[in-house]
Amino acid sequence: MSADTKTGLQLRSQVKKSGELELSLASVPTPEPSADEVVVRVEASPINPSDLGLLVGAADMTTAKASGTKDAPVITAKVPEAGMKAMAGRLDESMPVGNEGAGVVIRTGSSDAAKALMGKTVAMIGGAMYAQYRCLKVAECLPLPAGITPAEGASCFVNPLTALGMTETMRREGHKALVHTAAASNLGQMLNKICLKDGIGLVNIVRSAEQADILRKIGAKHICDSAAPTFMDDLTNALVETGATLAFDAIGGGKLAGQILTCMEIAVNKTAKVYSRYGSSVHKQVYVYGALDPRPIELSRAFGMAWGVGGWLLFPFLQKIGPAEGAKLRQRVVAELKTTFASHYTQVVSLQEALQLSNIAVYGKRATGEKFLINPNKGG
């Protein structure tokens, strides 16, 4: 291994017992790969909402302050007392960040599978991706087809597999159509493309006319704006047309999950043959998979007795379906990487730039249409 790759910078997040978040860059040794491992020069890693959960935790980023130097910036912010309870399991532990990424294999272990990846561009999963170099098992790498750049392959896992996991969950649980919130996101756009290609009814819930326009441009058929005064009627009508009885909710808090269940019940009852004082017997399910709104979920019980609200996460789902079925989903992602699963980024930043207050203020909002990509080797 060349001298300049023996160590590399890695972005770290630490919540201190004193109630302070600290973000910084650490110089870490690059491990020698074992037989079935490779070393990858990381060139692209997205900032997903799931990454922000680890990066900033429960900190109040309006209190964020910058110190350190241009090459070694340090960001600190206060963690409210209420948020410290949720952070109890990670106090005073310096944690690497970044769920997924892509880059070029620069060193391999001795196994044939590892050697076959030398010089290849690969997508990666396994955490600690906001780093210049990453040592991983061959099984955690996905070789990308010729002509695919690290930036194009950086979001191969979390969003594409989550979107495919939603349609697969729908099939396995006996539903015929879906509802999705925060629907104009990168993930939401992928889900629309999947549903259009596979002939699945999809009801998209957005929060503005601008977000609705994003979806119309890619051919979305059913779009409901939760800010519109006609939202409940619009949603009910879309549910009647599609027959959707399963929703995936990225918002998490507030009234939206209950509103979706209420409209599902109304839609089901429009075609009911028999009245039941317990409501319809059709099961209606909302899976919460995000927390864009950290408030409690409010449920006004207006949707009978056949309903459920639960959590859904990608990695438990993949474990549930097993490696063979998971491999089929990954193969589809690779085959449609430039079409169905293409991601769009508004900025590419270095590790140092990722710790600039002006950039944190933008990507920390988790706003639709503001997707950042970190290139840990930018300028290197």
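Visitor: Which elements do the buried residues of H8 pack against?

Guide: In this predicted model, the buried residues of helix H8 pack against strand S11 (177-181), strand S12 (201-206), strand S13 (222-225) and helix H9 (256-269).

Visitor: What makes a residue of H8 count as buried, and which residues are they?

Guide: Buried means under 20% relative accessible area. Phe231, Leu235, Thr236, Ala238, Leu239 and Thr242 are buried in H8. They lie on the same side of H8 because they cover an arc of only 165 degrees around the axis.

Visitor: Which exposed residues does the face of H8 turned away from its buried side carry?

Guide: That face carries Asp233 and Glu241, and exposed means over 50% relative accessible area.

Visitor: How do you know what span is expected for H8 (residues 231-242)?

Guide: The expected span is 1.5 Å times one less than the number of residues. H8 has twelve residues, for which 16 Å is expected, and reaches 16 Å from its first C-alpha to its last, close to that expectation. Just after H8, Gly243 takes a positive phi of about 75 degrees.

Visitor: Why are H8 and H9 called oblique to each other?

Guide: The two helices pack at an angle of about 50 degrees, with their axes 9 Å apart. Angles under 35 degrees count as roughly parallel and 65 to 115 as roughly perpendicular; H8 and H9 are therefore oblique to each other. Residues making the contact include Phe231, Met232 and Val240 of H8 and Leu256, Cys263 and Ala267 of H9.

Visitor: What is the handedness of the crossing in which H8 passes H9?

Guide: H8 passes H9 in a right-handed crossing.

Definitions and conventions
Residues numbered from 1 in each chain as written. Predicted model: local features only at pLDDT ≥ 70, side-chain atom pairs only at ≥ 80, totals over all residues. Heavy atoms only, no water. Helix = DSSP H or I, 4+ residues; strand = E, 2+ residues; numbered from the N terminus. Buried < 20%, exposed > 50% of the residue type's maximum accessible area, 1.4 Å probe, protein only. Arc of directions from axis to C-beta. Contact = heavy atoms within 4.5 Å. Axes fitted to C-alpha atoms, helices over the stretch in contact; angles between N-to-C directions. Parallel < 35°, antiparallel > 145°, perpendicular 65-115°, else oblique. Left-handed = near helix turned anticlockwise from the far one by under 90°.
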